[in-house]
Every structure is written in C-alpha cells, then in structure tokens.
Amino acid sequence: MAKVLYVRHGQTISNVRRVFAGGEGESPLTNEGIKQAHQAGKELKSTNIDKIICSPMDRTFETAMIIAEYVGFDSGKIIKDSRIKEYNAGEHRGMPTEGMTPERLVSGEGAEDPKEFAKRVHEFLKDVSEHDGVTLVVGHAATVKMIECLQTGSNPATFFDVPKLKNARVMELDLT
C-alpha cells in the first residue's frame, strides 16, 4: 500500500513579496525557508522514506535535499518530476497574488490551461499511488491545491480558491 507525504517548499522571496513565481520563474528560499525545510526534516526524521520526488524547480529541490539529510535518504536519488512543477501563471508571473481571482489567473496571456494542469497532476498521482512504501513529494502550493480539486471533484479552473498549504508543512495525501 502506498503512503504519500506532501511538503510544500520552504518560504521563498516570492512568498515574502506576495507575488507569483510560477512554474517558469525561480524564486530562492529565504533564510526562513531554509529553517522551515530543516524543521520539516526534523518532523520526518523517524519516518522511513522509500522515495523522494520533487518538482524540478530549485526551491523544491533544495527543500527536498535538506529533508533527505534528516531522514537518511541519498540526495542523489531524489527524482525530479515536471508533472508537479508549479502552475505556469503566464503574464501574471511576478504580479501580486492579492486580489487575484481564479478567472483572471487562468485567463492571463500565457497561463497554463487548468485542465492540462489537472491532467499532469492526476497522471503523477496515479503513478505515485502504485509505488509500495512511503513516498515524500516536495512540491508547490498550486500543485497541492490542484490535488484537492481532483480529490473533491471540483472544477480545475477554481484551484486558486483552495486554501494554501503553509510552507514546509507535512501532510499525508489520501489517494483512495
């Protein structure tokens, strides 16, 4: 039986500025974000992690590497999977998150089609649910929001309305 734990990356500069980093822009972890990743590692220290998968974005990989240290996982075996890359906000990258509506976000020029976003996240979940053992996924706020939409049958275009998972918080995904 698969057990999947999800951690959002640690706090980034974009989080502090309250702007969209998106899936096409890098935003480094802040000192606080690094501390948060260490805290998540300490929380998971006694968990036997069989696999770590992260988005290919630097902020998730750095968070995953910090956690891997605590759980005794070989960081060279961390798998980067583009299916859990952050949502591409298109023209809204670098723009303030406050006041953004789901309709405006998904209709911006160059924004990823939410149905395609849902499809890639769903394909990832299907694959990860087939792995026996404990998998740690290190991803983004929008990715876990889309997971919630998929689990509840909500319209993928409304993912932005789902409450955000705090940085570097550990949650178990229910993939039943």
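Some ground rules. Residues are numbered from 1 along each chain as its sequence is written, and side-chain values use heavy atoms, with hydrogens and water left out. Because the model is predicted, local features need pLDDT of at least 70 and side-chain atom pairs count only at pLDDT 80 or more, while totals for chains, interfaces and linings use all residues.

Let's start with the sheet. Helices (H or I, at least four residues) and strands (E, at least two) are DSSP runs, numbered from the N terminus. Two strands pair if DSSP finds at least two bridges between them. Here, five strands form an open sheet in the order 3-2-4-1-5, with mixed pairing. Strand 3 (79-80) and strand 5 are the edge strands, and each pairs on one side only.

Look at strand 1. Strand 4, residues 133-139, runs parallel to strand 1, and seven bridges join the two. Y6 stands opposite V137 in strand 4. Strand 5 runs antiparallel to strand 1, with four bridges. There, L5 stands opposite E172 in strand 5. Is strand 1 enclosed or open? Five of its seven residues are buried, so strand 1 is largely enclosed by the rest of the structure. Buried means under 20% relative accessible area, exposed over 50%, and partly exposed in between, with a 1.4 Å probe and protein chains only.

Over at strand 3, the partner is strand 2, residues 51-54. These two pair in the parallel sense over two bridges. I53 stands opposite I79 in strand 3.

Next, the cores. A nonpolar core is a set of buried Ala, Val, Leu, Ile, Met, Phe, Trp, Tyr and Cys residues joined through side-chain atoms within 4.5 Å. The largest one has 28 residues, and Y87, L105 and F159 touch the most other members. Strand 1, helix 4 (102-107), helix 5 and helix 6 each supply at least two residues of this core. Which element gives the most? Helix 5 does, with six residues.

Take F159. Contact means heavy atoms within 4.5 Å. Leaving aside neighbours within four places in sequence, F159 is in contact with Y87, L105, V106, F117, A142, K145, M146 and C149. A second, separate core has 17 residues, among them V7, L44, C54 and V134.

A word on cysteines. C54 counts as buried because its relative accessibility is 0%. C149 is buried too, at 3%. How many disulfides does the structure hold? Zero, counting a disulfide as a pair of cysteine sulfur atoms within 2.5 Å.

Now helix 6, residues 141-152. The expected span of a helix is 1.5 Å times one less than its number of residues. Its 12 residues should therefore span 16 Å, and the end C-alpha atoms are 17 Å apart, which agrees. Buried residues in helix 6 include A141, V144, I147 and C149. The buried residues of this helix pack against strand 1 (2-8), helix 5 (114-129) and strand 5 (170-173). After helix 6 comes G153, with a positive phi near 75 degrees.

Last stop, Y70. This tyrosine lies in helix 3, residues 58-71. Y70 and L44 are 26 residues apart in sequence, yet 7.4 Å apart in space, C-alpha to C-alpha. Beyond neighbours within four places in sequence, Y70 is in contact with H38, G41, K42 and K45. What joins the side chains of Y70 and H38? A polar contact of 2.7 Å. That term means a pair of N or O atoms within 3.5 Å; within protein, one must be able to donate a hydrogen and the other to accept it, and residues adjacent in sequence count only if both atoms are side-chain atoms.
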